[in-house]
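Dear colleague,

I am handing over a structure that you have not worked with before. Please look through it first, and then read the notes below, which go through what was found in it.

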Amino acid sequence: MKMAVKITSIRLDTRLADEAMHVLNVNSRSEAVHTALREVVALEKFKAVMKKHGGKLKFEAHGK
């Protein structure tokens, strides 16, 4: 999947960005920001699904 990229300038807490790099096991601050943004979007989508279908979905074990 091709990613749309635009160069931008933001004020960034470098200590926090470096900590995120370590926690996310990535090699650059840019990669840490992209990974964190993907995680936030995925979390919000998951929360929306759970709000809509929470307690109504049945999950079966793989292979059963």
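Which residues does Thr35 touch, not counting residues up to four places away in sequence? With contact taken as heavy atoms within 4.5 Å, Thr35 touches Leu24 and Val26.

Before going further, please keep in mind that this is a predicted model, in which local features need pLDDT of at least 70 and side-chain atom pairs count only at pLDDT 80 or more, while totals for chains, interfaces and linings use all residues. Residues are numbered from 1 along each chain as its sequence is written, and side-chain values use heavy atoms, with hydrogens and water left out.

As to the chain overall, its secondary structure comes to 2 helices and 0 strands, where helices (H or I, at least four residues) and strands (E, at least two) are DSSP runs numbered from the N terminus. The chain has a radius of gyration of 17 Å, whereas a compact globule of 64 residues would have one near 11 Å; the radius is taken over C-alpha atoms, and the globule rule is 2.2 Å times the number of residues to the power 0.38. Along the principal axes, the C-alpha atoms fill a box of roughly 45 × 25 × 20 Å. Buried residues make up 8% of the 64 residues in the chain, with buried meaning under 20% relative accessible area, exposed over 50%, and partly exposed in between (1.4 Å probe, protein chains only).

Helix 1 covers residues 14-24, and its N-terminal end is capped by Asp13, a side-chain oxygen of which lies 3.1 Å from the backbone nitrogen of Arg15. Helix 1 is followed by Asn25, which is found in the loop between helix 1 and helix 2. Although Asn25 is not a glycine, it has a positive phi of about 55 degrees, and Asn25 is exposed, with a relative accessible area of 70%.

To return to Thr35, this residue lies in helix 2, which covers residues 29-53, and it counts as buried because its relative accessible area is 15%. A polar atom of the side chain of Thr35 lies 2.8 Å from the backbone oxygen of Glu31; a polar contact is a pair of N or O atoms within 3.5 Å, where within protein one must be able to donate a hydrogen and the other to accept it, and residues adjacent in sequence count only if both atoms are side-chain atoms. Glu31 is itself found in helix 2 and is partly exposed, with a relative accessible area of 36%. The C-alpha atoms of Glu31 and Ala17, 14 residues apart along the chain, are separated by 9.8 Å. For Val33 and Ala48, 15 residues apart along the chain, the C-alpha separation is 23 Å.

Finally, about 300 Å³ of space lies in the largest pocket. On a 1 Å grid over the protein atoms alone, a pocket is an open set of points where a 1.4 Å probe fits, with protein on both sides within 12 Å along at least five of seven lines, and lining residues have an atom within 4 Å of a point. Grid points are joined across faces, edges and corners, and the volume is the space filled by probe spheres set on the points. Among the lining residues are Ala4, Lys6, Ile10, Arg29, Ser30, Val33 and Leu37, and the lining divides into 7 nonpolar, 3 polar and 2 charged residues; here Ala, Val, Leu, Ile, Met, Phe, Trp, Tyr, Cys and Pro count as nonpolar, Asp, Glu, Lys and Arg as charged, and the others, Gly among them, as polar.

With best regards
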